[in-house]
Amino acid sequence: ALQSIAGSMPGQAEIFPIGKSTQGRSLTALRFHRDSGRADDAPKPGIAFLGTHHAREHLSTEVPLLIARWIAENRGREDVKRLLETRDIYFIPLVNPDGVEYDIGTSRYKWHRKNMRDNGDGSLGVDLNRNYAFRWGGEGSSDNPGSDTYHGPSAFSEPETQAVKNFLTARPNIRIVLSY
């Protein structure tokens with residue numbers, strides 16, 4: 001889907017990896033930018049749309065994809081042109097590809113929420129949404145690896161959250177991050 005969207009906007013869209021998941025799957029971003037002929041044009045105020053921290057929330061992948069597709073399909077409108085000229089717009093629609101694959105890999109949903117870290121006690125996964133540093137280990141998270149809200153052994157212990165952190169740290173112009 002990302003390749004199709006980027007392919008419909010040559011010179012205005014690029015796809016690039018931001019890191020790897022626990023099981024080595026690529027975490028992929030799409031960036032819309034002005035048609036300058038090069039992808040590294042000067043940063044403008046930015047926004048990033050993220051999806052699917054929780055594997056079983058499959059529609060949270062679709063929302064960023066639909067927004068990206070809408071922008072691509074409507075890029076000729078004056079308001080969308082202006083948006084593309086004045087903003088860096090990023091999409092990372094699938095933060096947890098391993099958990100999603102595990103959840104949908106059979107003919108029945110497993111309702112798996114977390115990534116695929118082997119916790120060493122027979123349980124699988126860390127709740128990526130609770131693995132960031134802000135209030136890590138606080139209210140709403142669990143120290144128990146078997147819990148759906150297990151925050152992991154430390155903040156940013158997971159390659160997926162490290163990739164998001166590194167992506168955002170490298171782009172200080174991003175002022176808004178929306179996670180579905």
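In which sense do S2 and S4 pair, and over how many bridges? Antiparallel, over three bridges. Some notes on the rest follow.

1. Ground rules. This is a predicted model, where local features need pLDDT of at least 70 and side-chain atom pairs count only at pLDDT 80 or more, while totals for chains, interfaces and linings use all residues. Residues are numbered from 1 along each chain as its sequence is written, and side-chain values use heavy atoms, with hydrogens and water left out.

2. Strand S4. Helices (H or I, at least four residues) and strands (E, at least two) are DSSP runs, numbered from the N terminus, and two strands pair if DSSP finds at least two bridges between them. Besides its antiparallel partner S2, S4 has S3 alongside in the parallel sense, over five bridges. Ile-47 has Ile-89 of S4 as its bridge partner. Five of the five S4 residues are buried (under 20% relative accessible area; exposed is over 50%, partly exposed in between; 1.4 Å probe, protein chains only). In a regular strand the side chains alternate between the two faces of the sheet. Here both faces are covered, with Asp-88, Tyr-90 and Ile-92 on one side and Ile-89 and Phe-91 on the other.

3. Leu-30. This residue lies in strand S2 and stands opposite Phe-91 in S4. The two C-alpha atoms are separated by 5.1 Å, though the residues are 61 apart along the chain. Leu-30 counts as buried because its relative accessible area is 0%. Its contacts (heavy atoms within 4.5 Å), not counting residues up to four places away in sequence, include Leu-2, Ile-5, Ala-68 and Ile-89.

4. The cores. A nonpolar core is a set of buried Ala, Val, Leu, Ile, Met, Phe, Trp, Tyr and Cys residues joined through side-chain atoms within 4.5 Å. The largest one has 17 residues, and those with the most contacts inside it include Leu-30, Ile-71 and Phe-91. H1 (2-7), S2 (26-32), S3 (46-50), H2 (59-73), H3 (78-86) and S4 (88-92) each supply at least two residues of this core, with H2 giving the most, four. Beyond its neighbours within four places in sequence, Ile-71 is in contact with Phe-32, Val-80, Leu-84, Ile-89 and Phe-91. There is also a second, separate core of 16 residues, with Ile-18, Tyr-90, Val-95 and Leu-128 among them.

5. Charges. I'd look next at the salt bridges (a side-chain nitrogen of Lys or Arg within 4 Å of a carboxyl oxygen of Asp or Glu), of which the structure holds 10. One of them joins Asp-88 and Lys-44 at 3.5 Å, N to O. That pair links strand S4 with the loop between S2 and S3, 44 residues apart. Asp-88 counts as buried because its relative accessibility is 1%, and Lys-44 is buried too, at 6%. Asp-148 and Arg-56 form another, their closest N and O atoms being 3.3 Å apart. Asp-148 is partly exposed at 34%, as is Arg-56 at 23%.

6. Helix H4. The buried residues of H4 (97-104) are Pro-97, Asp-98, Gly-99, Val-100 and Asp-103. Their cover includes S2 and helix H5 (159-169).
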